[in-house]
Amino acid sequence: KPKILLETGYYRVERIRKKADKLIKAESPQKTVLIAPSWGEGNIIESCGAVLVKSLLDGNFRVILRPHPEIIKRQPGLIMEMNQQFSENPNYIYENSVREDDSLIEADLLISDYSGIAIEYAIGTLRPVLYIDVPKKIKNQDFEKTGLPVIEIEIRSKTGIIITPEEAGQAAAKTAELIRDKDKYRAKLREITSEIFYNFGNSSQKGAEYIINFLKR
C-alpha cells in the first residue's frame with residue numbers, strides 16, 4: 001500500500017551533533033581513529049583489517065576497532081586474530097558495542113565503507129571520513145530501477161576520500177591528510193546537513209506533532 005512519508009528528520013545525527021558541539025577537545029599530537037565497518041562479504045576487517053590497523057599504529061595513531069555486531073557473530077575467529085595481534089599495543093582499543101556515541105564523539109577520524117555510521121559521524125561531528133572501497137552490500141539487485149540516488153554512495157566523495165583495500169597500508173598518510181584538512185571539511189559538512197536532512201535539530205518535535213495530530217483525528 002502507498003505509504004505516508006513524513007518530513008521529520010534523523011534524531012540520532014542531531015544527538016551526536018549536540019554532544020560534539022559541547023565537547024571541548026584538547027589538542028593532542030596523538031589523534032584517535034575509529035574503525036567502524038559494516039558486515040558482509042569482503043568487509044574491511046576481512047579484506048584489509050590487519051594491514052589497516054598496523055599502518056595506523058605505526059603512524060602513532062590511537063586506534064579504536066568497533067566491528068559491526070554481525071561481524072562479531074559471523075566471524076568471531078577473525079576478530080580474535082585481530083585482538084591477539086594488536087592487544088599488547090596500548091594504542092589499540094577493541095570495542096564490542098555500538099550502543100554508545102562516546103567513541104564517535106572522541107574520534108578525530110572515522111574509517112568505514114558504505115555503512116550508515118559514516119553519515120552519522122560526518123554530519124554529527126563535522127569531521128571527515130576515510131572510506132575503504134569494499135564490495136557493496138546490495139540486498140535488492142533491482143535498486144537502480146527506482147532511478148533514485150543512493151545516499152551511502154553519493155555522500156562519500158563529499159565527506160572524505162576513498163581508498164581501495166590494497167591501499168590500506170597507506171591509511172596513516174591518508175588519515176593525517178584528512179585531519180589536516182578538517183576545517184575545510186567542517187564548512188562543507190555544514191552545507192550538506194541542510195541539503196540532506198529535514199528539520200535538523202527539530203526532528204523529534206515534528207514527529208511528535210504528527211503523532212498527536214493523528215491521534216486527535
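Colleague: What share of the 217 residues in the chain is buried, and what makes a residue buried?

Modeller: Buried residues account for 41% of the 217 residues in the chain. A residue is called buried under 20% relative accessible area, exposed over 50%, and partly exposed in between, with a 1.4 Å probe and protein chains only. This is a predicted model, in which local features need pLDDT of at least 70 and side-chain atom pairs count only at pLDDT 80 or more, while totals for chains, interfaces and linings use all residues. Residues are numbered from 1 along each chain as its sequence is written, and side-chain values use heavy atoms, with hydrogens and water left out.

Colleague: Why is Thr159 called buried?

Modeller: Its relative accessibility is 0%, and the limit for buried is under 20%; Thr159 therefore counts as buried. Thr159 belongs to helix α8, residues 156-159. Helices are DSSP runs of H or I with at least four residues, strands are runs of E with at least two, and both are numbered from the N terminus.

Colleague: Which residues are in contact with Thr159, leaving aside its neighbours within four places in sequence?

Modeller: They are Ala122, Pro128, Val129, Tyr131, Tyr185, Leu189 and Ile192. Contact means heavy atoms within 4.5 Å. In the chain, 78% of the contacts with a separation of 6 or more are between residues 24 or more positions apart.

Colleague: How do you know that the chain is as compact as a globular protein of that length?

Modeller: The radius of gyration, taken over C-alpha atoms, is set against the globule rule, 2.2 Å times the number of residues to the power 0.38. The chain has 11 helices and six strands. Its radius of gyration is 18 Å, close to the 17 Å that the rule gives for 217 residues, so the chain is as compact as a globular protein of that length. Along the principal axes, its C-alpha atoms fill a box of roughly 60 × 40 × 30 Å.

Colleague: Why is the pair of Phe197 and Phe200 called tilted?

Modeller: The whole structure holds four aromatic pairs. Phe197 and Phe200 form one that is 6.0 Å centre to centre, with 45° between the planes. Rings of Phe, Tyr and Trp (its six-membered ring) pair if their centres lie within 6.5 Å; planes under 30 degrees apart count as stacked, over 60 as edge-to-face and the rest as tilted. The pair of Phe197 and Phe200 is therefore tilted. Ring pairs also link Tyr10 with Phe197 and Phe200 into a cluster.

Colleague: Are Phe197 and Phe200 buried or partly exposed?

Modeller: Phe197 has 13% relative accessibility and so counts as buried. Phe200, with a relative accessible area of 28%, is partly exposed.

Colleague: Why does Gly40 count as buried?

Modeller: Gly40 has a relative accessible area of 18% and is therefore buried. Its place is the loop between β1 (32-35) and α2 (44-58).
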